[in-house]
Amino acid sequence: MKRILSFFAAVAVAGLTQAVTINWDSVKGAVDLGTKTSSGSIAVGTSEGQANLGSGSWTIAAKLAAGSISAYTNAGHKYPAIIGFGTSETKKDAYRFRANCSASGGTNTGSIGFEDNITRTEASDVALTSNTTYDFVISFDSQTSTVNFYLNDTLYGTLSNFTGTVTDIVWGKSGATNTNMDLWNNNSGTYSLDLDYVAGMTYDEVKASVIPEPTALALLALGAAGLALRRKAA
């Protein structure tokens, strides 16, 4: 009995501390934009557009699989976007997660940062590591007019009072240029970027639709433990 109770207690703790990883292919309404290995953009909301985020909330997801990472040497393209979006009032990648890479070929092989117009909720950049996968999510809540930026399921930054219309989803671009996604030493590094989007749902709503809430899992485990104790007492 002690082993059973210990098991349910462990499940409860795990439920309260669960890190969310979403299989976007299983999300109802999700659109797979494919796997990218160089820079590009997807037109949004036009007659010939390849994506339609709609007029309400939306969520864009990008899974970056970083392979080998080498020091960056080209100062002309120092801050390429990993994933971002633009509006008709801005350049195409004005709102983005970006890779801050060494412009002098030093030991810094890159870190994940932000455009200056996004308010950080995390204090510092996240260093990029070889052979690591990173989950990026950009999500707009139409009720609060707020865009939230998540990295590995952690809120990393916010953009308040957003009222623009998204015209492009972009990746791999440096500033307004159309160069390849040379995040590391002029494309000598290896990576892939898998893109998906969901119209009409925030990130929290997506998670609720595919994954039981951690609190619910914890309560279920505690309830099962209580039932086991009751049966033992009987």
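Two residues are in contact here when they have heavy atoms within 4.5 Å of each other. By that rule Thr202 touches Ser57, Thr59, Ser139, Phe140 and Asp141, not counting residues up to four places away in sequence. This is a predicted model, in which local features need pLDDT of at least 70 and side-chain atom pairs count only at pLDDT 80 or more, while totals for chains, interfaces and linings use all residues. Residues are numbered from 1 along each chain as its sequence is written, and side-chain values use heavy atoms, with hydrogens and water left out.

**The chain as a whole**

- Of its 234 residues, 43% are buried. Buried means under 20% relative accessible area, exposed means over 50%, and partly exposed lies in between, using a 1.4 Å probe and protein chains only.
- Among contacts in the protein chain with a separation of 6 or more, 72% join residues 24 or more positions apart.

**Thr59 and Thr202**

- Thr59 sits in strand E3 (residues 58–66), and it counts as buried because its relative accessible area is 0%.
- Beyond its neighbours within four places in sequence, Thr59 is in contact with residues including Trp24, Val137, Asp196, Tyr203 and Val206.
- The side chain of Thr59 makes a polar contact with the side chain of Ser139 at 3.1 Å. Such a contact is a pair of N or O atoms within 3.5 Å; within protein, one must be able to donate a hydrogen and the other to accept it, and residues adjacent in sequence count only if both atoms are side-chain atoms.
- The Thr59 side chain also reaches the backbone oxygen of Met201 at 2.8 Å.
- Thr59 and Gly200 are 141 residues apart in sequence, yet their C-alpha atoms are 8.0 Å apart in space.
- Thr202 lies in the loop between strand E13 (191–199) and helix H2 (203–210), and it is buried because its relative accessibility is 9%.

**Two positive phi angles**

- Most residues other than glycine have a negative phi.
- Asp153 is not a glycine, but its phi is positive, at about 70°. It belongs to the loop between strand E10 (146–151) and strand E11 (154–159), and its 21% relative accessibility makes it partly exposed.
- Asn161, also a residue other than glycine, has a positive phi near 55°. Its place is the loop between E11 and strand E12 (166–171), where its 66% relative accessibility makes it exposed.

**Nonpolar cores**

- The largest nonpolar core has 38 residues, and those with the most contacts inside it include Trp58, Ile83, Phe97 and Phe149. E3 gives the most to this core, with five residues.
- A second, separate core has 12 residues, among them Ile22, Tyr150, Val198 and Ile211.
- A nonpolar core here is a set of buried Ala, Val, Leu, Ile, Met, Phe, Trp, Tyr and Cys residues joined through side-chain atoms within 4.5 Å.

Terms used
Helices (H or I, at least four residues) and strands (E, at least two) are DSSP runs, numbered from the N terminus.
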